[in-house]
Every structure is written in C-alpha cells, then in structure tokens.
Amino acid sequence: MPQAGKGRLNYRCPSCFMRDLDIDMFYDREKDEYYCIRCQFTGKEEDVLRLNEMCRFRYKSMMKRITEFD
Amino acid sequence: MGKFILNIIHRPEMVPEYAEKITGHGKKEDISRKSLLTESLDIFKLQQEIAHENGLKTTIQMTYSSLFNEEAIELAKEHHEKYGDEIGLTLLGLPCKEFREKYKTKDFCIWMFSPEDKKSIVNDVFEKFYEVFGFYPESTGSYYMDAELINYIKEKYPTVKCAVASCWEEGPKAYRTCNNSWYTFLDGGPWNPWIPSKQNTHAPAANESEDSGIVAIPHLSRDLLACFDGNGSNFGTHPQNVLRGMIYKDGEYPYLYNLIDQYRSLEKYNNGFAYNMMFVGPGWMNKMGRWEAPYELLVKSYRDGMAYYASLKRKGELVDMTMSEFADWFRDNKSYTEPQCALWKDILYGSEKQLFWYADPFMRTCVDMNQGGALIDLRPYVAKLERPVGIDTGNVHDASYPYLIQSMYRAGYFTHYAGEGSIKSCKISYKGEEVDLCLCRTKARFTQDGKDRILTLDPVDIEFSDLTIKLASTFTFTENTGEIRISRKITESSNPEAKVTVNEYMTACYGTTEYPEDMTGIRLICKGENETKGIDYRYRCREETVERVVFVQAVVPQVNTRVTMMPLNGEMTGYIREGYAFSPMYTLGLTTELSKNEEMITCLRLEKAD
C-alpha cells in the first residue's frame with residue numbers, strides 16, 4: 001500500500017473541527033477515503049462535505065445580514 | 001458623524017507562511033523554489049490590483065526576502081508613485097535563502113529571537129531597506145512586537161511611527177486550534193489602535209514618559225465575542241479567515257460585512273472613532289486553495305471584502321489611510337488616557353449575548369451581560385509589567401499580558417465538583433437562599449458623561465421562595481483613575497420591608513494560560529475602621545471578616561498588582577478568602593443589606609504594587 005497524500009483540496013477533519021482543532025486530513029487512494037491522523041475519523045469526500053455542513057450548526061446567524069448593533 | 005478609518009496592508013512575502021507546506025507537499029523543502037517565488041509575487045500583485053481597482057490605497061510592507069527581488073521593489077516604487085501607497089517594512093516574511101544563510105535558523109517570529117539577534121535582524125532589514133529605497137520606513141510590524149524590540153527600533157530608526165504590534169487574543173486558543181504547533185501566545189492586548197508603553201506593548205502608555213513613540217495597530221480587527229471564546233483566526237477582517245471558520249454558504253459570507261459594520265458602530269463609544277485593519281498574507285490566496293476553499297473562492301472573498309470597503313468609501317463613510325498617515329491622525333486626535341470602549345453583540349451564533357470591552361492605561365476588562373454584568377476578563381495594565389520574551393530571556397514564548405480574571409481559562413461561574421473560578425460578580429441572599437447575578441441574563445446601554453463611561457444594565461428579576469426583587473446594576477469607568485464604580489440598586493420588591501444581603505465579590509488568580517500558577521506570596525488584607533486582618537496565601541482555605549470595612553485588598557507580587565475593593569456608600573462588612581489546591585483562587589468581598597430603593601456602591605481599583 002503506497003503512502004497517503006493530500007487530496008484534491010486540503011480537507012480538515014470535521015470531527016476535530018467541531019472541537020476547534022484545524023487538522024488536515026490525508027487521503028488513502030486505495031480505500032478512496034480521507035482519514036485523520038489525530039482522531040479516528042475516516043470518510044469519503046461526500047461524508048466530509050456533509051459533515052462540514054454539520055459543523056456550521058452553531059452559526060445560527062451565519063447567513064443573516066445584521067445592520068443594527070445597539 | 002464618526003470617522004471610520006481603514007488600513008489595508010499587503011506584503012510581498014516571497015515564501016508565504018503555509019505555502020511551502022501546502023504547495024510543497026511530497027517535495028523536499030526548498031524555499032528558493034522558483035515556482036514558489038513566482039506564485040508568491042503573483043498573489044501580491046493580485047492583492048494590490050484588487051485594492052487599486054477599488055480605489056483604495058495600501059501600505060506595502062516589504063519583507064526582508066522581497067528586498068532581494070527586483071520586481072517586488074519596482075512594483076512598490078511604482079505603486080507608491082501612482083496610488084500613494086506607503087512603502088513600509090515588515091518583520092514578517094524573514095525566511096529566505098539570505099536570511100537562513102546568515103542566521104542559520106528556521107525561526108521567523110521576531111519576538112522569539114534572542115535580544116542580540118533581534119537587534120542584528122532589525123539592523124539588517126532596515127539597512128537593506130535603506131539601501132534599496134534610499135530612506136528608512138515609517139511603519140513596520142509583525143504578529144507581535146515586544147517592548148524591547150519597539151524601543152530598539154524607535155531609538156535606532158526614529159522615522160518609524162506605526163507598527164502592527166499584536167493579534168488580539170491570539171494565545172492558547174490559537175495554539176490549540178493549530179494542533180499545538182502555532183506558538184503565538186499574545187493574549188491580553190487592546191483590540192483597536194493604541195500607543196504602547198515602553199514597558200509592555202499590550203499596556204497602553206499613560207503619559208509621555210511611558211510613550212514608546214509609535215502608534216500600534218492590531219493585526220486584523222477581530223470579533224470581540226467569537227475570538228474570546230474560540231479560535232481567533234476564524235473571526236476577523238480577513239476574508240479567508242472567515243472561510244477557514246466555515247462561516248459561509250454558497251460562496252456568500254454576510255458575517256464578514258456584519259463584522260466590518262459592527263466595528264463601524266464602535267464610533268458611538270469612542271468619540272466618533274472607528275477603525276478596521278485588513279492584512280492578508282499571500283499564503284491565504286494560494287492557487288492550490290486553502291483547506292477546503294478553492295482558489296477561486298479565496299480570491300472572490302478578497303474581492304468582495306475590498307468592494308465592500310470601496311462602497312463605504314464612495315458613500316463618504318470610510319477613509320482609507322496608509323499606516324503612517326493613520327499614526328499622524330491618531331496622535332492628533334487621541335489622548336493617552338482616553339479609553340477604548342466596545343459594547344459588542346453576538347453577530348454569529350444567534351445568542352443575543354452582549355459584552356462590554358474596556359481598555360485604558362490602567363486596565364483591560366470585559367463585562368458580560370449574559371452573566372448579569374460579571375467581569376470575565378481583567379488585566380492590570382497599570383502594573384506595566386516588563387516581561388521580555390524570546391530566546392535567552394528565560395521566557396521564549398509567552399508574550400501574553402497576565403490576567404487577574406479570565407473566566408474562559410479559569411472556570412468563571414461554573415466549576416466541576418468543587419472550588420471556584422475567576423470572575424467578579426454579586427450574590428444576593430435571603431432567608432438561606434442565594435442567587436448569583438451570573439445566572440441573570442440581561443442587556444446594557446452605554447452613555448458618556450464627561451470623563452465617565454457608564455454602562456447601565458437592564459434590571460434583572462431575582463426570585464426567592466417568598467420574595468421577588470428587581471435589581472439594577474451600573475458600572476462607571478472614570479477616565480485616568482484605574483477605578484470602576486459599581487452600583488447595585490433594588491428598584492422593586494414584592495416586600496418593601498424585606499432586607500436582602502448583597503455580596504459584591506471578586507474571585508481571582510493570575511496567569512496567562514489555562515493552567516494554574518503558584519499563588520504562594522499573595523497577600524490578602526481586610527482593613528476595617530477598628531482592625532486589620534491579613535492572610536498570606538498558603539492554600540489553607542482560610543477566611544477573615546471585618547465589620548465597618550474600609551477596604552479589602554489582594555497584593556499579587558507575581559504581577560506587581562494591588563487590587564482593592566472598597567465601599568463608597570454606607571456601612572459594609574468585608575471579607576477575604578484564601579483558596580486551596582483544588583481551588584487556586586482568592587476572593588475579596590463586600591456585603592451589606594438592602595431593601596427597596598436602597599443602593600450599594602463599591603469601587604474596584606487597580607494599582608501597581610510597588
């Protein structure tokens with residue numbers, strides 16, 4: 001099995017992101033999956049994208065344009 | 001009408017941070033790789049182009065490496081002539097072949113070098129700059145500029161009047177977020193421009209004798225709520241930071257504009273002054289993309305950010321300045337003692353939380369309306385702590401200004417199982433029941449009356465089993481005193497005759513990180529009209545009380561600070577409380593009894609201990 005590399009983009013581990021850790025994942029070509037070297041997360045690209053959406057759960061005002069600050 | 005001033009800074013960083021790691025993955029490190037240098041310069045050119053297309057001027061902070069690159073030099077000269085851009089000199093971007101050959105190190109953060117190396121590096125880069133441009137720069141900067149470094153630069157190169165001097169709340173949180181590999185421990189400074197003291201960069205100068213001679217600007221304008229709790233690098237006027245935080249959807253990021261607009265709104269609290277700083281290193285617009293954001297989105301976000309500033313400028317609501325222009329403006333319009341104030345609201349999480357930040361030459365503090373007006377951060381700037389940083393100083397990394405209270409690092413109201421956390425709040429008790437105002441969520445409004453900045457909180461309801469009261473809190477910060485006056489008044493009561501006990505307290509410690517420090521040596525004093533009691537801290541869980549108290553006080557020699565609480569009206573009882581190993585805190589408290597329409601006024605004062 002050859003060494004892992006970076007994927008198309010530098011996806012971060014969504015599980016670590018949710019605990020405020022920015023960690024690049026590495027890509028295993030044979031399994032076609034990303035994996036985290038710190039925690040136990042593994043997932044396909046679509047899993048990462050889906051979980052990245054979940055990471056945004058705390059940003060309730062993310063898409064709201066706010067103009068009053070009083 | 002206020003004045004919203006913008007500094008845009010670009011640096012031609014020939015070896016951008018991150019870029020070598022990202023673009024070079026799978027290749028042996030080579031910082032002189034041609035493709036890396038070409039791409040770096042292209043990104044700088046693009047950033048300049050975007051600013052100029054939008055009619056905005058920039059400060060070009062030349063890096064040491066760029067001073068060896070003819071194209072970068074010619075571009076800087078051309079843009080200075082054509083667009084009025086300032087040519088400054090940053091101490092970021094040191095890594096290059098020439099630097100590594102001379103200094104034999106991969107270090108790149110100027111504040112971490114030894115005192116001798118700092119001077120040598122400053123001499124090298126400033127003299128190289130002079131050799132290239134024929135003049136010395138008026139602005140410089142890094143992620144952090146320690147006081148000894150600033151003092152040396154000012155002495156040797158007095159033309160320098162402005163510097164990027166710190167990143168707000170970039171400390172243990174950023175370290176952790178970067179998998180414990182990003183060693184910028186810079187917590188505890190002001191969030192908006194200030195004049196640093198000669199003794200400590202974070203602590204603003206109180207007068208001319210303390211004046212370091214420069215105007216400091218923060219590295220980015222950061223979210224004063226999100227960055228206090230979370231990773232600072234996600235929540236600032238840095239479009240790609242916003243992408244890093246995943247605060248966008250379908251290529252849109254209204255949060256960025258909300259952040260800029262909230263900074264604009266701060267003119268209400270600062271005599272009409274509002275400020276923004278945008279400084280994006282080239283590594284953030286890498287062709288390989290940055291984390292999950294593709295190059296196209298990275299560039300779009302930069303274009304959008306600049307376009308928003310440009311739209312404000314067209315409406316006459318923004319003035320773009322170079323760093324040295326800004327320093328002149330700041331000197332002409334601001335005094336040493338004028339505080340910075342920010343009544344900041346949550347613009348991201350939908351919590352409606354509101355914080356009030358205050359900074360002056362005596363202190364930095366934060367009042368949390370979501371905890372009934374508790375002080376959740378307190379830094380004794382008055383101590384003007386001299387804390388050299390860098391190799392050979394005995395303190396290689398920790399450039400943070402120490403706190404007495406930091407409720408995120410040191411628990412605050414909520415602790416697990418036992419002990420207390422650092423916070424200043426108030427407890428109300430009646431017939432064996434007790435309520436801490438930390439559990440009374442409220443809002444506040446700001447007013448200014450001469451030298452007083454007044455924070456008035458909406459009254460909160462406190463319910464006991466057979467009594468309900470309404471309690472109003474007011475915080476008054478009087479300029480140039482190092483004091484906060486705190487009023488607690490019962491405005492309504494279901495039983496006007498009932499007396500409740502009000503306990504104004506402060507539980508504190510000291511430190512710069514999340515970890516406890518040795519409290520031995522702290523002296524607690526409780527002075528009454530007739531007696532004085534004291535405790536020398538030895539973790540023995542002792543407590544002393546005096547009637548008719550004059551003041552309660554803690555002297556914390558580790559941070560050369562004396563913190564005092566005293567009654568300003570009526571008779572009160574004072575107490576001091578030592579902690580224990582599982583609760584390494586001390587508590588100062590004042591208590592009295594109040595009924596309807598009665599008020600307790602106390603004062604918190606910070607002083608240098610010796």
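Author: Start with a hairpin: β16(B) and β17(B) form one, with two residues between them. Helices (H or I, at least four residues) and strands (E, at least two) are DSSP runs, numbered from the N terminus. This is a predicted model: local features need pLDDT of at least 70, side-chain atom pairs count only at pLDDT 80 or more, and totals for chains, interfaces and linings use all residues. Residues are numbered from 1 along each chain as its sequence is written, and chains are lettered from A and ligands numbered from 1 in the order in which they are written.

Reader: Which residue in the turn between β16(B) and β17(B) has a positive phi?

Author: The two strands of the hairpin have two residues between them. In that turn, a phi of about 60° belongs to B:G450.

Reader: How many bridges pair β16(B) with β17(B)?

Author: Strands pair if DSSP finds at least two bridges between them. β16(B) covers residues 444-449 and runs antiparallel to β17(B). B:A444 faces B:L457 across the pair. The bridge count is six.

Reader: Which residue in β19(B) is the bridge partner of B:I454?

Author: β17(B) also pairs with β19(B), residues 467-478. That pairing is antiparallel, over five bridges. The partner of B:I454 is B:T476.

Reader: What share of chain B is buried?

Author: Chain B has twelve helices and 29 strands. Of its 610 residues, the buried share is 55%.

Reader: Which strands stand at the edges of the sheet in chain A?

Author: The open sheet has three strands, in the order β1-β2-β3, with antiparallel pairing. Two of them have a single partner strand each, so one side of each lacks a neighbour in the sheet. They are β1 (26-28) and β3 (42-43).

Reader: How many residues does chain B bring to the contact with chain A?

Author: Contact means C-beta atoms, placed from the backbone, within 7 Å. Chain A gives 25 residues. Chain B gives 29.

Notes
Buried ≥ 20, exposed ≤ 12 C-beta atoms within 10 Å, placed from the backbone. Contact = placed C-beta atoms within 7 Å.
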